[in-house]
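Subject: Handover of a structure

Dear colleague,

I am handing over to you the structure shown below. Please keep it open while you read the notes that come after it.

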Amino acid sequence: MRVLIDFKCGRAGEGLSSSFFWVPEVEVITWMSDSKPAMDMFDEAKPDILIVSAEQLGTLGLKIASSRYPNTKIVSVGEVVGNVMSPHLSVGHTGKQMSFPMIPFSGGAMLGIIGNPSEEESLSCDVLCMTDYVDISNQDNISYLEFVCENYNTKIFGPRKVEVPNYLGLLSPPQRASALASASVYLDLDGESWYDAAWLGKEIVSISDSSLNFFKDIDGLKESIDFCLSRKGSVKQEIKRSVANATYFDLTYEILSFLGLQDHGNALQQKKKELL
């Protein structure tokens with residue numbers, strides 16, 4: 001079975017891709033939709049499942065490709081807006097009720113990438129931030145990073161470079177997981193990556209009001225970090241339990257079950273049990 005995932009799905013695409021990777025007899029292919037037309041990609045990949053950003057549903061190329069490959073199941077990610085083609089399933093749609101099936105989803109931990117990492121002394125710090133999906137053109141985010149760099153033992157990693165001394169460059173996926181395991185507090189500035197740290201029982205502070213510790217200004221950030229540090233890891237198990245079912249493995253299982261691929265979904269749930 002081939003699963004084609006649109007790169008424009010962002011973190012959701014990465015989370016789903018890293019989950020489908022662990023499903024037996026599944027090949028995961030990434031589609032750079034900005035540079036390769038839909039018809040060309042369909043001809044090359046002949047996907048059984050296409051996971052695509054909702055904005056692609058209105059493009060002529062996808063409409064033509066899906067009509068020529070009617071057996072491809074289309075799963076869209078994000079809010080569906082306007083008079084567009086209907087997907088077989090929508091993930092994360094939060095707008096008005098539509099005629100197609102939907103799975104509510106606001107974020108989760110990427111178990112397929114995190115695994116069971118070990119702490120490393122060289123990566124330990126009071127505050128950790130990953131810049132993968134952080135909007136570094138937002139001055140508030142820069143101010144938050146400058147503040148934690150000036151006031152805490154801070155490490156910053158990721159593909160989006162930030163002009164602060166504590167930015168230390170890129171990490172491999174295993175190193176990234178070890179960095180999460182080695183930090184005391186994770187600072188989430190993209191609104192969703194806090195799930196990854198929480199899965200490991202780490203204290204988190206986030207710009208997302210659905211997170212465990214939400215802040216909206218510098219004073220709130222300081223108060224939240226100080227509170228988290230004061231607990232010295234004493235609520236690790238409670239934090240882990242709070243996100244036990246909020247993972248991309250669980251989302252992928254729901255997608256597979258909806259598409260009638262229960263055996264594939266069960267294999268993924270078994271892998272999750274191993275990680276637990």
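This is a predicted model: local features need pLDDT of at least 70, side-chain atom pairs count only at pLDDT 80 or more; totals for chains, interfaces and linings use all residues.

Six strands make up an open sheet, in the order 2-1-3-4-5-6, and their pairing is parallel. Its edge strands are strand 2 (27–31) and strand 6 (102–103), each of which pairs on one side only.

Within this sheet, strand 1 (residues 2–6) pairs with strand 3 in the parallel sense, over three bridges. The bridge partner of Ile 5 in strand 3 is Ile 51. Strand 3 (residues 49–53) also pairs with strand 4 in the parallel sense, here over five bridges. Ile 51 has Val 75 as its bridge partner in strand 4.

On its other pairing, strand 4 joins strand 5 (residues 89–91) in the parallel sense over three bridges, and Ser 76 stands opposite Ser 90 in strand 5. Why is strand 4 (residues 73–77) described as largely enclosed by the rest of the structure? The reason is that four of its five residues are buried, where buried means under 20% relative accessible area. Strand 4 also takes part in a right-handed β-α-β unit, together with strand 3 and helix 3 (residues 60–68).

Helix 2 (residues 38–45) lies across strand 1, strand 2 and strand 3, and runs at about 160° to strand 2. Helix 10 packs on the sheet as well, touching strand 4, strand 5 and strand 6, and its direction makes about 170° with that of strand 5.

Strand 7 (residues 125–130) and strand 9 (residues 183–188) run parallel and are joined by three bridges. In this pairing, Cys 125 stands opposite Ala 183 in strand 9.

Two packed helices are described by the angle between their axes and the distance between the axes.

How do helix 10 (residues 248–258) and helix 11 (residues 262–275) pack, and at what angle? Their angle is about 165°, with the axes 8 Å apart. Because angles over 145 degrees count as roughly antiparallel, helix 10 and helix 11 are roughly antiparallel to each other. Their crossing is left-handed. Among the residues that meet are Phe 249, Tyr 253 and Leu 256 in helix 10, and Leu 268 and Leu 275 in helix 11.

Helix 1 (residues 10–20) and helix 10 have axes that come within 9 Å and cross at roughly 75°. Helix 1 and helix 10 are therefore roughly perpendicular to each other. The residues in contact include Leu 16 and Phe 20 in helix 1, and Phe 249 and Leu 256 in helix 10.

Yours sincerely,
A colleague

How values were computed. Residues are numbered from 1 along each chain as its sequence is written. Side-chain values use heavy atoms; hydrogens and water are left out. Buried means under 20% relative accessible area, exposed over 50%, partly exposed in between (1.4 Å probe, protein chains only). Helices (H or I, at least four residues) and strands (E, at least two) are DSSP runs, numbered from the N terminus. Two strands pair if DSSP finds at least two bridges between them. A crossover is right-handed if, with the strands pointing away from the viewer, the path from the first strand over the helix to the second runs clockwise. Axes are lines fitted to C-alpha atoms, for helices over the stretch in contact, and angles run from 0 to 180 degrees between N-to-C directions. Angles under 35 degrees count as roughly parallel, over 145 as roughly antiparallel, 65 to 115 as roughly perpendicular and the rest as oblique. A crossing is left-handed if the near helix is turned anticlockwise from the far one by less than a right angle, and right-handed if clockwise. Contact means heavy atoms within 4.5 Å.
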